[in-house]
Number of protein chains: 6
Amino acid sequence: MKILVANPNTSTGVTDRLVTAGKLVASPGTELLPMTAPRGVPYIATRAEAAIGSAMMLEMLAERRGTFDAAIVAAFGDPGLGGARELFDFPVVGMAEAAMLVACTLGRKFAIVSFAKALEPWFAEIVDWHGMSGRCAAIRTPDEGFRSIDDVQHEKEQVLIDIALGTVKNDGADVVILAGAPLAGLANTIRDRVPVPLVDGIQAAVTMAEGLVRLNPRKATQGTYRRPAAKDSKGLAGPLADIIGHRES
Amino acid sequence: MKILVANPNTSTGVTDRLVTAGKLVASPGTELLPMTAPRGVPYIATRAEAAIGSAMMLEMLAERRGTFDAAIVAAFGDPGLGGARELFDFPVVGMAEAAMLVACTLGRKFAIVSFAKALEPWFAEIVDWHGMSGRCAAIRTPDEGFRSIDDVQHEKEQVLIDIALGTVKNDGADVVILAGAPLAGLANTIRDRVPVPLVDGIQAAVTMAEGLVRLNPRKATQGTYRRPAAKDSKGLAGPLADIIGHRES
Amino acid sequence: MKILVANPNTSTGVTDRLVTAGKLVASPGTELLPMTAPRGVPYIATRAEAAIGSAMMLEMLAERRGTFDAAIVAAFGDPGLGGARELFDFPVVGMAEAAMLVACTLGRKFAIVSFAKALEPWFAEIVDWHGMSGRCAAIRTPDEGFRSIDDVQHEKEQVLIDIALGTVKNDGADVVILAGAPLAGLANTIRDRVPVPLVDGIQAAVTMAEGLVRLNPRKATQGTYRRPAAKDSKGLAGPLADIIGHRES
Amino acid sequence: MKILVANPNTSTGVTDRLVTAGKLVASPGTELLPMTAPRGVPYIATRAEAAIGSAMMLEMLAERRGTFDAAIVAAFGDPGLGGARELFDFPVVGMAEAAMLVACTLGRKFAIVSFAKALEPWFAEIVDWHGMSGRCAAIRTPDEGFRSIDDVQHEKEQVLIDIALGTVKNDGADVVILAGAPLAGLANTIRDRVPVPLVDGIQAAVTMAEGLVRLNPRKATQGTYRRPAAKDSKGLAGPLADIIGHRES
Amino acid sequence: MKILVANPNTSTGVTDRLVTAGKLVASPGTELLPMTAPRGVPYIATRAEAAIGSAMMLEMLAERRGTFDAAIVAAFGDPGLGGARELFDFPVVGMAEAAMLVACTLGRKFAIVSFAKALEPWFAEIVDWHGMSGRCAAIRTPDEGFRSIDDVQHEKEQVLIDIALGTVKNDGADVVILAGAPLAGLANTIRDRVPVPLVDGIQAAVTMAEGLVRLNPRKATQGTYRRPAAKDSKGLAGPLADIIGHRES
Amino acid sequence: MKILVANPNTSTGVTDRLVTAGKLVASPGTELLPMTAPRGVPYIATRAEAAIGSAMMLEMLAERRGTFDAAIVAAFGDPGLGGARELFDFPVVGMAEAAMLVACTLGRKFAIVSFAKALEPWFAEIVDWHGMSGRCAAIRTPDEGFRSIDDVQHEKEQVLIDIALGTVKNDGADVVILAGAPLAGLANTIRDRVPVPLVDGIQAAVTMAEGLVRLNPRKATQGTYRRPAAKDSKGLAGPLADIIGHRES
C-alpha cells in the first residue's frame with residue numbers, strides 16, 4: 001500500500017527524516033510517499049503557523065489525491081486533520097493523534113517531550129482537541145533554543161533524555177512521546193536510556209495508517225466527518241477548490 | 001475608538017449586516033471598520049473552511065494593522081483567534097467567545113442556535129476550545145437547508161424561534177446565543193418571543209472589544225500569547241510574512 | 001448610565017478605593033454609585049463571612065433598586081450573585097466573574113493572586129461555581145498576614161508582584177487577576193513589572209456592566225434566573241421581604 | 001449522643017416531620033434535638049432564599065453550640081454547611097451531602113426527585129459543590145405546584161413515584177434520593193413501589209452524623225476548614241459575633 | 001448486628017488488626033466477623049493481584065452469605081466490590097469507598113497516604129472508579145520498602161506522618177486517609193501529630209456499614225446493581241457457582 | 001508474527017468466530033493463535049463475571065507465555081488487561097481499547113452497540129477506565145434477550161442495525177463500535193447499511209497488536225506498568241504463581 005507523508009513544513013530535510021524513520025516500522029509492501037509544503041515556514045511551532053499550515057495541508061492532500069491509500073499529517077500538532085477528514089474519503093492520521101493513541105496502550109499517562117518551548121501552547125491545544133488531556137501527564141521542552149532544525153535531535157539528545165527522565169520521576173509519565181517531525185527516529189536511538197516506552201510520532205502514524213487501510217472503514221455520510229455539500233469559493237488553489245465545489249474528476 | 005470588524009467570509013452583504021447590528025450597541029465615539037475576506041468561501045461552515053479562513057484572518061489583520069484599536073474576528077467559530085493573539089499586540093475578540101462570555105453573566109447554561117446543520121461540528125469544537133462545554137446546554141440548527149445566506153435570518157425566523165424555545169424547554173438553556181454572522185441583528189427582532197435573554201455575537205463582541213480597549217491590557221511577553229520569535233517564511237502574503245519575520249515598520 | 005458598586009464589606013475605605021479604580025476605565029457618562037454594607041465584617045474572607053455577606057447583598061440591592069441601571073457585587077467571591085439574578089431585573093455582575101471572563105480573552109489560563117491566605121478556599125469555590133476551574137492555573141496568596149486592610153496593596157506590593165511572577169513561571173499563568181476589593185487599582189500601578197496582562201476586578205466589572213446595559217438583555221421568565229414565585233417571609237429587612245413577596249412598588 | 005436537627009426553614013411542621021423520620025433509623029441512645037429558624041421563609045427553594053438561610057444557619061448553630069455532639073443542616077441544599085465547618089469544632093452534616101454519599105454505596109448514578117420545580121437550579125448547584133455531578137443522573141420535579149408544604153408528600157405521592165420510575169427508565173438512575181425536608185419519611189412509605197433503593201435525606205444524615213461522632217475526627221488547624229482568625233463584626237447576632245470574634249465562653 | 005470483615009489478603013495478622021481497629025468505633029451490639037482469603041497473596045498491591053483478589057472476594061462472600069447483615073470488602077482498593085453488589089442482596093461497603101465518603105464530610109480535598117509505592121497505580125484507579133478524583137489531592141507513599149507487612153505501621157510511623165504533613169502543605173489536602181489494611185488503627189495513634197482529620201478505612205467502613213443496615217435499602221431489581229440473570233458456569237467454587245446459577249438455598 | 005487471541009469466555013464457538021474475523025484484516029505472515037478459558041462462564045456480561053474472567057486471563061497468559069509475540073484480551077470489557085500489562089513483557093491489547101482507539105481516528109464521538117442489556121454497566125466502566133468517556137456518545141443494546149450466544153449476531157442483525165442508526169440520529173455518534181466477542185465479523189456484513197464507519201473489536205485489536213509488535217516498545221521499569229516485585233502466593237495456578245514469584249524459566 002502507499003501512504004502519503006504530507007509534511008506541512010517547508011523543510012525537505014525534515015521530510016527525509018520522517019520517511020527514513022517511518023520505513024523502520026512499515027510492513028513489507030508499504031511505500032511511504034514524501035511531500036513537502038511549497039509555502040509556509042520551515043517548521044510550524046505556533047498557533048499562527050499552524051493556521052497557515054492547516055490550509056496548506058488541505059491544498060497538499062487535494063493536489064495528490066488519487067495516488068495513495070492513506071495520508072499522514074506529518075507535523076505533530078496535526079494541522080488540518082479535522083478538515084481533511086471532512087473533505088476526503090481516504091484515511092488520514094495525525095502524528096500527534098497516532099502517538100497518543102499508541103501511548104494509551106503502553107501506560108496510563110503519557111508525557112510529550114519536544115525540542116522548542118514555543119511548541120507547548122500549540123501542543124496543549126491538540127491534546128485537548130483529541131480529548132486526551134486526562135491521559136497527558138505533562139508537555140515539556142528545553143529552556144534553551146537550538147541551532148538547526150535539521151540537527152536538533154542530535155544537538156539536544158542528552159537534554160531531551162533528561163527531560164524525559166524528569167517526566168517519569170516528577171510528572172508520573174508511564175510512556176514518553178518524542179514529539180515533532182524533527183525528532184523522528186530519535187526514539188530508536190535513545191530507547192535504552194529511558195526506563196519507560198518511547199513513542200515516535202511518524203512510526204506510530206505509519207502503523208495506524210496501515211491498520212486503517214486494512215480495516216477499510218467506509219466514508220461517513222452522516223456525522224461529524226460527512227462530506228460538506230458543494231460550495232463555491234474564490235481564489236483558492238485549483239484542486240482544493242475542486243474538492244470544495246465537488247468538481248473532482 | 002476604532003474597531004475592525006474582520007469578516008473572514010467573502011460575502012460583503014454579511015459584513016454590512018454585522019456592522020449595522022454592531023452599531024446598535026456601540027458607545028458614542030466608537031467606529032466600526034468593515035473588512036471582508038478577499039479569498040475563501042461565502043460563509044464558513046466547516047472545519048476545512050475554517051482552516052482556510054483562519055489563515056486568511058491572519059492575512060487580513062496583518063494588512064490593516066495600525067489603523068484600529070481592537071479587532072473582532074467576525075465569524076462565529078473565531079477562525080484564527082489564537083494565532084492572532086500570538087502575532088499582534090492589539091486586543092482581538094472572537095464572536096463566539098464574546099457571545100459565550102456575555103451569556104455566562106445571564107444564565108448558568110447557554111444554547112447556541114444557528115442556521116445550518118453543517119455548522120454544528122465546528123461550533124462544538126470552538127465551544128470546547130474556549131473551555132465552555134460545561135456551560136453549553138446544546139447546539140441546535142434547522143433540519144432543512146436555506147435559500148440565501150443574505151436573507152437566511154428572515155427566511156428562518158420562526159424556525160429559529162422554535163428551536164430556541166426547544167432549547168429552553170428540553171435542554172435547560174437559560175440564555176440563547178444566536179450564532180453566525182448571517183444572524184447578526186436577529187436578537188433585536190425576536191427578543192420578546194423567547195422567554196430567556198438572547199445574545200447576538202457581533203453585539204457581544206463590540207461591547208467586549210470596547211471594554212478591552214478601555215482596560216488597555218499590556219501585551220504578554222510570557223505565556224501562551226507571547227509573540228513568537230522571528231521566523232522566515234516562504235510564499236506568504238507580504239504583511240503577514242513581515243509580522244512573522246518581525247519586519248513590520 | 002448609573003452603576004451601583006455594592007460593597008458587602010463594612011469598610012468604606014475599600015468602597016472608596018473601588019470607585020476610584022473603577023472610574024479609570026468607565027466610559028464618559030457612566031456614574032459609579034458607592035454603597036457599603038451596614039452590617040457584617042470589614043472584609044469578607046471565608047465561607048462563613050460570605051454567607052453573611054450574601055444575605056446582606058440581597059438586602060442592599062433591594063434597598064437601592066430603582067436608582068441605577070446595573071449593579072456590581074463588589075467583593076471578589078461574588079456573594080449573593082446567583083440570588084440577585086433571580087430576584088432582580090437589572091443586570092448584576094460579580095467582580096470575580098467579570099475578572100475571569102475578561103481574563104479568558106487575554107490568555108488560556110489565569111492565576112488569581114490575592115492578599116490573604118484565608119481567601120483561598122472561598123475563591124476556589126467561586127471559580128468552580130462559575131465553571132472556570134479548567135482555565136484557572138492557580139490561586140496564590142502571601143504566607144504572612146498584613147497590617148491594615150486599607151493599606152494592604154501598598155504594604156504587600158512587592159510580595160504580590162513576586163507571587164504573580166511565580167504563577168507565570170511555575171503555574172503556567174498567561175494572565176493574572178489581582179483579586180479582592182482591597183487590591184482595586186493595583187493593576188495600574190504594577191502593570192510594567194509583570195510580563196503578562198493584569199486584570200483588576202472592579203475595572204473588569206465596570207466594563208462588563210456597561211456592556212450589559214448597552215446590550216439590554218430581557219429578564220428571563222424561564223430558566224435558572226427566572227424570578228421565583230411570591231413567598232411570605234418572617235423577620236427580613238423590609239425592601240427584601242417586599243421583593244420576595246412581590247410587593248415592590 | 002445528641003444530634004441537632006437544625007431546620008433553616010421557618011415551618012415547625014417540617015421540623016417535626018424531620019425528627020420523626022430520623023428517629024426511625026437512629027441508634028438506641030441517640031437523641032434528635034429539633035430547632036426551627038426564627039426568621040426566613042417557610043421553605044427554602046431558591047438561591048436567594050438559600051443565601052438568607054445560610055446566614056441564619058450559622059446563627060442557629062452558634063446559639064445552640066455546646067448542647068449537642070453533632071449537627072445536621074436540615075434542608076436539602078445544605079445552606080451554610082461550608083461556613084459551619086469553618087467556624088465550629090463539632091461534626092456538621094448536610095442532608096443533601098449525606099443523601100448523596102449514601103447513594104454512592106447503592107448505585108453508580110443517583111437521581112434526585114423533589115416536590116417543586118423552583119428547587120432544581122439550587123439543587124444542581126449543591127450537587128456541583130459536593131463534586132457529585134458525575135454521579136448524578138438527573139434532578140426531577142413535578143411540573144405542577146402543590147397546595148401545602150406540610151402535606152406535599154401525600155398530595156404528590158403518586159406523582160413522585162412516577163417521576164422516580166422515569167429516572168430509572170430514562171435517566172439511568174440506580175438509586176433515587178427523595179430530596180427536601182418536606183419529603184422526610186416518604187421513602188419508607190413508597191419503598192416497594194420503586195425498583196431501586198430510595199434514600200431519605202434526614203435518615204442518611206442521621207446515620208452519617210452518628211458515624212462521625214463515633215469516628216471522632218479532630219478539628220482541622222490547617223486546610224480548608226481550619227478556623228478563621230478572630231475578626232470584628234458589626235450588627236451580627238451575639239453568639240455568632242462571639243464565634244467570629246473568638247469570644248465564645 | 002453482624003458485619004463480615006472479608007479480607008482478600010491471605011495474612012490473618014492483617015485481619016486481626018482490622019477487627020481490632022474496627023471495634024474501637026463499632027456501636028454497642030455490633031459484632032465484627034473476621035474472614036481471611038484462603039488463596040492469593042499476603043497483601044494485594046497491584047492490579048494483577050487485585051484481579052485475583054476480586055474473584056476471591058466473590059467466593060468468600062458466597063461462602064459465608066446468610067451469616068451476617070452487611071459485609072466489608074476489607075482491602076483498600078475494594079476488590080470485587082462492584083461484582084458483589086450485583087450478586088448479593090446484603091449491603092457491601094469497600095474500605096476505600098467508605099474512607100473517601102467520610103473524608104468528603106471533613107474537607108474539600110483528601111490525600112491518600114499508604115505504605116508501599118506499588119499501591120499507587122491501583123489506588124489511583126479505585127479513586128477514579130468511585131468518581132472521586134475531583135476530591136483527591138494526592139496519593140503518596142514512602143520511597144523505601146518495608147520489612148514486614150504485619151509491623152509496617154510501626155516501622156513507618158514517622159515516615160507516614162511526614163508524608164501526611166507534606167500532603168497538607170504541598171498538595172492542599174484537608175483530610176488524610178491512611179490507606180491499606182496494614183495501617184488499620186494507625187489513625188488513632190498519630191491523630192495529634194497531623195493538623196487535619198485522619199480517616200481510617202476500616203473504621204469508616206464499619207460506620208458506613210452500620211448506617212446501611214439501619215437504613216435497610218431494598219435490593220435493586222433495575223439499574224446497575226440489579227442481580228444478573230441465572231447463568232451456567234464451569235469450574236467455579238460451589239457456593240459462587242450456585243449464586244451465579246440462582247441455585248442458592 | 002504470532003498473536004494470541006485469549007478468549008476469557010468458555011465458549012470455543014466464540015473463539016472460532018474471533019479468529020475468523022481477525023484473519024480478514026491480519027497482515028500476510030500474521031498467525032492468530034486461539035485460546036479459550038478452561039473455567040468461567042460462556043460469555044462474560046457483568047462485573048462479577050469480569051472479576052472471575054480477569055483472574056482467568058492472567059492464568060491463561062501465564063500458561064502460554066513464550067509462544068507468541070503479542071496477546072489480545074479477547075472480550076470487549078478487557079478483563080485483566082491492566083494486570084497483564086504489569087506482569088508480562090509482551091504487548092497486550094484489549095478489544096474494547098483497540099476498538100475505541102481506532103474509532104477515535106474515524107469520528108469525534110463513537111457509540112458502542114452490543115447484544116445484551118446486561119453488558120451496559122460493565123462496558124460503561126471500561127470506557128471510563130480507558131479515559132474515553134468524553135468521546136463516547138452512547139452505549140446501546142436491544143431490550144429483548146437472545147436465544148444463543150453462538151448465533152446472536154444473525155438473530156439480532158436487523159435490531160443491531162436499527163440501534164446503530166439510532167445512535168447516529170439521536171446520540172450524535174460519528175462511528176459505531178460493534179462490541180462483544182459474539183459480534184465479531186458482523187461489521188463486514190452490515191457495513192453498507194449504516195451511514196458511518198463501523199469498528200469490529202477483534203479486527204481493531206489485530207491491527208493494533210501488529211502495530212505494537214512492529215513498534216517494539218521496551219518494557220517499562222518505571223511507571224504504572226513496571227513489573228511488581230516478586231511475591232509469594234498461595235493456591236494460584238502454577239505458571240501464574242511463577243510469574244508473580246519471579247520464578248519463570
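Mentor: Across the interface of chain F and chain E there are four salt bridges, a salt bridge being a side-chain nitrogen of Lys or Arg within 4 Å of a carboxyl oxygen of Asp or Glu. One of them joins E:Lys231 to F:Glu49, with the closest N and O atoms 2.8 Å apart. The interface of chain F and chain E also has 17 residue pairs in polar contact, both residues at pLDDT 80 or more. A polar contact is a pair of N or O atoms within 3.5 Å; within protein, one must be able to donate a hydrogen and the other to accept it, and residues adjacent in sequence count only if both atoms are side-chain atoms.

The elements of chain F that give two or more residues to the side touching chain E are α2 (47–64), α3 (81–87), α5 (120–129) and α10 (238–244). Helices (H or I, at least four residues) and strands (E, at least two) are DSSP runs, numbered from the N terminus. The largest share of that side, eight residues, comes from α2(F). By class, the side of chain F that touches chain E divides into 20 nonpolar, nine polar and 10 charged residues. Here Ala, Val, Leu, Ile, Met, Phe, Trp, Tyr, Cys and Pro count as nonpolar, Asp, Glu, Lys and Arg as charged, and the others, Gly among them, as polar.

A word on the source: this is a predicted model, in which local features need pLDDT of at least 70, side-chain atom pairs count only at pLDDT 80 or more, and totals for chains, interfaces and linings use all residues. Residues are numbered from 1 along each chain as its sequence is written, chains are lettered from A and ligands numbered from 1 in the order in which they are written, and side-chain values use heavy atoms, with hydrogens and water left out.

The size of an interface is often given as the accessible area lost when the parts come together. Chain F and chain E bury about 2900 Å² between them, 60% of it on carbon and sulfur atoms; buried area is the accessible area (1.4 Å probe) that two parts lose on being put together, summed over both. On the chain F side, F:Arg47, F:Lys231 and F:Lys234 supply 21% of the area buried against chain E, more than any other three residues. The contact (heavy atoms within 4.5 Å) takes 39 residues from chain F and 39 residues from chain E.

Two copies of a chain are related by a rotation about an axis and a shift along it. For this pair, a rotation of 180 degrees with 0.0 Å of shift along its axis superposes chain F on chain E, with an RMSD of 0.0 Å. That is the relation of a two-fold axis. Copies are superposed by least squares on the C-alpha atoms of residues with pLDDT of at least 70 in both. Of the interface residues of chain F, 100% are also interface residues in chain E, so the copies meet through the same surface.

Chain F has another contact, with chain A. That contact takes 43 residues from chain A and 43 residues from chain F. Chain A and chain F bury about 3700 Å² between them, 60% of it on carbon and sulfur atoms. In chain A, the residues that lose the most area to chain F are A:Thr105, A:Arg108 and A:Arg218, together 18% of what that side buries. Two salt bridges are counted between chain A and chain F; A:Glu210 and F:Arg214 meet in a salt bridge through their side chains (3.7 Å, N to O). Chain A and chain F also have 18 residue pairs in polar contact, both at pLDDT 80 or more.

On the side of chain A that touches chain F, α4 (95–104) and α9 (201–215) of chain A each supply at least two residues. The largest share, nine residues, comes from α9(A). That side of chain A has 20 nonpolar, 12 polar and 11 charged residues.

In chain F, helix α4 (residues 95–104) is mostly covered, with 10 of its 10 residues buried, where buried means under 20% relative accessible area, exposed over 50%, and partly exposed in between (1.4 Å probe, protein chains only). Those buried residues include F:Met95, F:Leu101 and F:Cys104.

Chain F does not touch every chain: no contact joins chain C and chain F, whose closest C-alpha atoms lie 15 Å apart.
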